[in-house]
Amino acid sequence: MNKTLENLCRVYLNKCQTSIRYRFLAHLCKEKGYGFSARYFCDFAKQEYQHSLVVSDLINDINGESRTNEINVIVKNPLGNDVLEQLDYEIEREEGNKSKYEVYAKVAFDEGYKDVSRVMGLLSEAEHNHCVILKDIRLKMGGRDLVLECDKCGYERKGKDKECPLCKNTYKN
């Protein structure tokens, strides 16, 4: 297997796993009353899934009729219930992937896969964009005056009250 194909397989697996992790993080945020951020994670999950489809197409273009690719990958996936810990992990992962995808773009270019190189460059930009948003969310969540959203009526407010001032729904955090 050439290096570009191996890298694409790694990216594909990463994108699939990331999509699932973002779904989990969205669920966790809703559970903890961080509805404002859960929407971002639902969107990120969809975006990562779309990225996996693009990468899958590239793999199939290179692979042709052969459908067997075997690659060993070690993946660190924290599965705790601490939203901030999960968020810190995703920030670190997005930053690392941005750099990795830049390297993968160069490898693909050097091996003559110009379209793969272009897509890797675009994926690197997407990782950067996710990282910027994640850091902003982390800042909002890291303070004592957290922004909480009622899962019933959508009212957002700062503070620690367990009851929504609008509809009197009780928050789950």
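## Helix 1 against helix 2

Let's start with the opening pair. Helix 1 (residues 3-32) and helix 2 (residues 35-63) have axes that come within 8 Å of each other and cross at roughly 160 degrees. That angle makes helix 1 roughly antiparallel to helix 2, since anything over 145 degrees counts as roughly antiparallel. The crossing of this pair is left-handed. Sorted by class, the contact of helix 1 with helix 2 holds 20 nonpolar, nine polar and four charged residues.

Please keep in mind that this is a predicted model.

## The chain as a whole

Stepping back, the protein chain contains four helices and two strands. Along the sequence, these elements follow the pattern α-α-α-α-β-β. Of the 173 residues in the protein chain, 41% are buried.

Helix 1 has 30 residues, and the distance from its first C-alpha to its last is 42 Å, close to the 44 Å expected at 1.5 Å a residue. At its N-terminal end, helix 1 is capped by N2, with a side-chain oxygen 3.2 Å from the backbone nitrogen of T4. Past the other end, just after helix 1, G33 takes a positive phi of about 90 degrees.

Helix 3 (residues 83-110) can be described in the same terms. This helix has 28 residues and reaches 40 Å from its first C-alpha to its last, close to the 40 Å expected at 1.5 Å a residue. The cap at the N-terminal end of helix 3 is D82, which places a side-chain oxygen 2.9 Å from the backbone nitrogen of L84. Helix 3 is followed by G112, where phi is positive and near 90 degrees.

D110 belongs to helix 3. Is D110 buried or exposed? D110 counts as exposed because its relative accessibility is 55%, and the cut-off for exposed is over 50%. The C-alpha atom of D110 is separated by 9.5 Å from that of T4, although the two residues are 106 apart along the chain. T4 is also the residue whose backbone nitrogen faces the N2 cap of helix 1.

Helix 3 packs with helix 4 (residues 114-142) at an angle of about 160 degrees, and their axes are 8 Å apart. Helix 3 is therefore roughly antiparallel to helix 4. The two cross in a left-handed way. Their contact divides into 16 nonpolar, six polar and eleven charged residues.

How does helix 3 sit against helix 1? Here the angle is about 160 degrees, and the axes are 11 Å apart. Helix 1 and helix 3 are thus roughly antiparallel to each other. Helix 1 passes helix 3 in a left-handed crossing. Twelve nonpolar, six polar and eight charged residues make up the contact of helix 1 with helix 3.

One more backbone feature may interest you. K168 lies in the segment after strand 2 (156-158). Although K168 is not a glycine, its phi is positive, at about 70 degrees. K168 is exposed because its relative accessible area is 51%, against a cut-off of over 50%.

Notes:
Residues are numbered from 1 along each chain as its sequence is written. This is a predicted model: local features need pLDDT of at least 70, side-chain atom pairs count only at pLDDT 80 or more; totals for chains, interfaces and linings use all residues. Side-chain values use heavy atoms; hydrogens and water are left out. Axes are lines fitted to C-alpha atoms, for helices over the stretch in contact, and angles run from 0 to 180 degrees between N-to-C directions. Angles under 35 degrees count as roughly parallel, over 145 as roughly antiparallel, 65 to 115 as roughly perpendicular and the rest as oblique. A crossing is left-handed if the near helix is turned anticlockwise from the far one by less than a right angle, and right-handed if clockwise. Ala, Val, Leu, Ile, Met, Phe, Trp, Tyr, Cys and Pro count as nonpolar, Asp, Glu, Lys and Arg as charged, and the others, Gly among them, as polar. The expected span of a helix is 1.5 Å times one less than its number of residues. A polar contact is a pair of N or O atoms within 3.5 Å; within protein, one must be able to donate a hydrogen and the other to accept it, and residues adjacent in sequence count only if both atoms are side-chain atoms. Buried means under 20% relative accessible area, exposed over 50%, partly exposed in between (1.4 Å probe, protein chains only).
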